[in-house]
Amino acid sequence: MGEIEWKVSPRLDSQKRLGKLINQHYNGARELEETRAQPVAWVSTMSPSEILWAMDFCVQYPEAYAATCGARHVAHAHCEITEMHGYERHLCTYCRNSLGSTLGVLEGQDIFEPLARPDFLLVTNNTCILITKWFEHLSYYWKIPMVSIDCPVLLSGVDEREIIDHVKDQCLDLIKLLEGFTGKKFDYDRFKEVAGNAKRSGDNYREMINTSKNVPVPATFFDIMGHNFPNLVLRHKPETAEHYELMNAELKQRIADRIVSMPDIKYRLYWDGIPYWVAIRELSEKLQSLGMCLVISSYFELFAFDRNDPFDPLEGVAANTALSYFSRSVDYKAKFTEQMFKDFKLDAGIFAYTIGCKSGSIGMHYISDYVNKKLGAPMTIIEGDLVDETFYNVERNNMKLQALAEMLEAKNK
Amino acid sequence: MRGDGMITAGIDVGSTTTKAVLLGKDGIYSYSVQATGIDIPEATEQVLGESLAQANLSFEDIAGIVSTGYGRISIPFSSQTITEITCNAAGVHHLFPNATLVVDIGGQDSKAIKMDKKGRVRQFAMNDKCAAGTGKFLEVAAQTLRVDVEELGKTSLESKNKITISNTCTVFAQSEIVSLIARKTEKEDIAAALHESIGSRIYGLINSVYPEPKAEIVLTGGVARNIAIVKLLERMTGRMVMVPENPQIVTALGAAILARKVN
Ligand code: SF4
């Protein structure tokens, strides 16, 4: 690939700014524990948070918290708390982390940087069905109201317009309910402003993802994955769009200056599934030793809120929620993945089967085989978990990754 | 140096046994199989030493060594490590040049490998990390049934009544066997049910690599000696199952073949 003349510099300057954004968000939320100046909502990933931001809620994401706990190797302790309360081990580990940390806080245990206590819960079943039940249990423990938005699976042949309208009606119900809950009238101008910021942020986020089409990539999947956070948690703020604008400028400059973040790239790889937060270091080191560069993942689609519209914010948030990637049929995902392989010039794929996330893993065999048959790209399915390290077998997964590299080598002979 | 620089060695460190194969111009010179135990370097030195002694060769006669298997990185004297997936496919391709589908059932894992006619791996799948569907499952079951593991397959063929073992988990299946014995269920019937249970696991594994419709199965690994498994897989998959003469050393053989290229 002619990487020889490229300079290697692993660290992006944008990391520092990202760290600041994350700290500001969590510190601000924690202050609210004292001041109660704003209500706090806990929300599931692909939900219409713009409505809550327009009503001046501080929005927190238990899934993002679980990912952080996984990466910091503290999730297992939270999961054990749920087990001690009788929950079973094969439940989603994001859910176990969240219920465990909640129970820990309520029981006065020492819990790793807990989220600010919630006043309200909003959940959408477009990622999976279990998540509604998870939030129901949160609602029970915190003794707070919860709203659940229903998003049917987008099987082929469904009328997307009908599904968007179905979500739109529920968003209107949510607005009404929140007016009652906060005692404030919903401010549509503020809603437009929030949607405008979120659109700018989302557009720049998409541009960031697309820079990975460059050969070689200016930054790997591992470098970029943390930058999902602002578009999820802070997309309503102008500084988020600014963050991505600076990030994109940095990535473009790296391309112009011929800077890559990993040496000796032999192969460009796709990642399917939510990252194994507990094993990021093992994975990145192993892949690097094999000359395999992780370039892109459909996981990023979970953070791409492409449909925000400041002129019709309700339509935008309803469409984002109704048409989320997780709601798509396995057929759609297979074709989408095939297209990613072409657009991002990928050589092979890693499908990360997750013991604790059946809904994210169920279609992996089908998708990997579909793309393999269409493009001849070798694939491997590894096994592990997002946050519970006891489900992760380093040796076995390393062997599968090495076998994938051997397949690529044999193919190119 | 003897052997015209053509002698290579393959060492396969499995969870249960360690195997070494010495390969020369005309084929396998010698091989050795031993329990892996807890000291991997010692086990590898022993199998290699024994193979060399059998062939009347010395370490200096070996032009290249490839190690494979779960303990592959613990072997200090190998020229390269290659995964058991690639080595197994190379070994099978050497023995059955037209084969495109391999099932390898080892001590603690089982795998299905789809390859092309050149012996290149196209797709592979492995059992998840529990021991169901592996040699360990049969070993534990045989112990509970008080039957020699070598005899378990033959015992199962004597079964007259069909029963089902509902647990594929090795630990739970063990207690299920105990209660079946307590209920005076014939051990032949229990053995048959155990084989059915392992067979359905392997069947799923085979399907997950989407093999060519008519591809025959080459069965390797220690469990390939079990005649009941062979018959069961033939019945379940409708495919012919071929077993090499020494199914346990195929992966080590593949490693020795690949060592020629490394060299
Ligand atoms: S099961 Fe998967 S999709 Fe559902 S909440 Fe858990 S991690 Fe998310």
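Let me begin with the ligand, around which lie A:Cys92, A:Tyr94, A:Cys128, A:Ile131, A:Trp134, A:Phe326, A:Gly356, A:Cys357, A:Ser359 and A:Leu386, a residue being counted here if one of its heavy atoms lies within 4 Å of the molecule. This shell divides into 8 nonpolar residues, 2 polar and no charged, where Ala, Val, Leu, Ile, Met, Phe, Trp, Tyr, Cys and Pro count as nonpolar, Asp, Glu, Lys and Arg as charged, and the others, Gly among them, as polar.

A word on the basis of all this. The model is predicted, local features need pLDDT of at least 70, and side-chain atom pairs count only at pLDDT 80 or more, whereas totals for chains, interfaces and linings use all residues. Residues are numbered from 1 along each chain as its sequence is written, chains are lettered from A and ligands numbered from 1 in the order in which they are written, and side-chain values use heavy atoms, with hydrogens and water left out.

Now to the interface, where 21 residues of chain B are in contact with 22 residues of chain A, contact meaning heavy atoms within 4.5 Å. The area buried between the two chains is about 1900 Å², and carbon and sulfur atoms give 51% of that; buried area is the accessible area (1.4 Å probe) that two parts lose on being put together, summed over both. The rule finds 1 salt bridge across this interface, namely between the side chains of A:Arg396 and B:Asp109 at 3.6 Å, N to O, the criterion being a side-chain nitrogen of Lys or Arg within 4 Å of a carboxyl oxygen of Asp or Glu. On the side of chain B that touches chain A, the elements giving two or more residues are helix H2 (84-95) and strand S8 (121-126) of chain B, and S8(B) gives the most, with 5 residues; helices (H or I, at least four residues) and strands (E, at least two) are DSSP runs, numbered from the N terminus. The residues on that side of chain B divide into 7 nonpolar, 7 polar and 7 charged.

Within chain B, 5 strands form an open sheet of mixed pairing in the order S3-S2-S1-S4-S5, two strands being paired if DSSP finds at least two bridges between them. Its edge strands are S3 (27-35) and S5 (80-81), each pairing on one side only. Strand S2 (residues 17-24) of chain B runs antiparallel to S3(B) over 8 bridges, and B:Leu23 stands opposite B:Ile28 in S3(B).

Lastly, two backbone details in chain A. A cis peptide bond joins A:Val215 and A:Pro216, with omega about -5°, and A:Pro216 sits in the loop between helix H8 (188-210) and helix H9 (221-224) of chain A.
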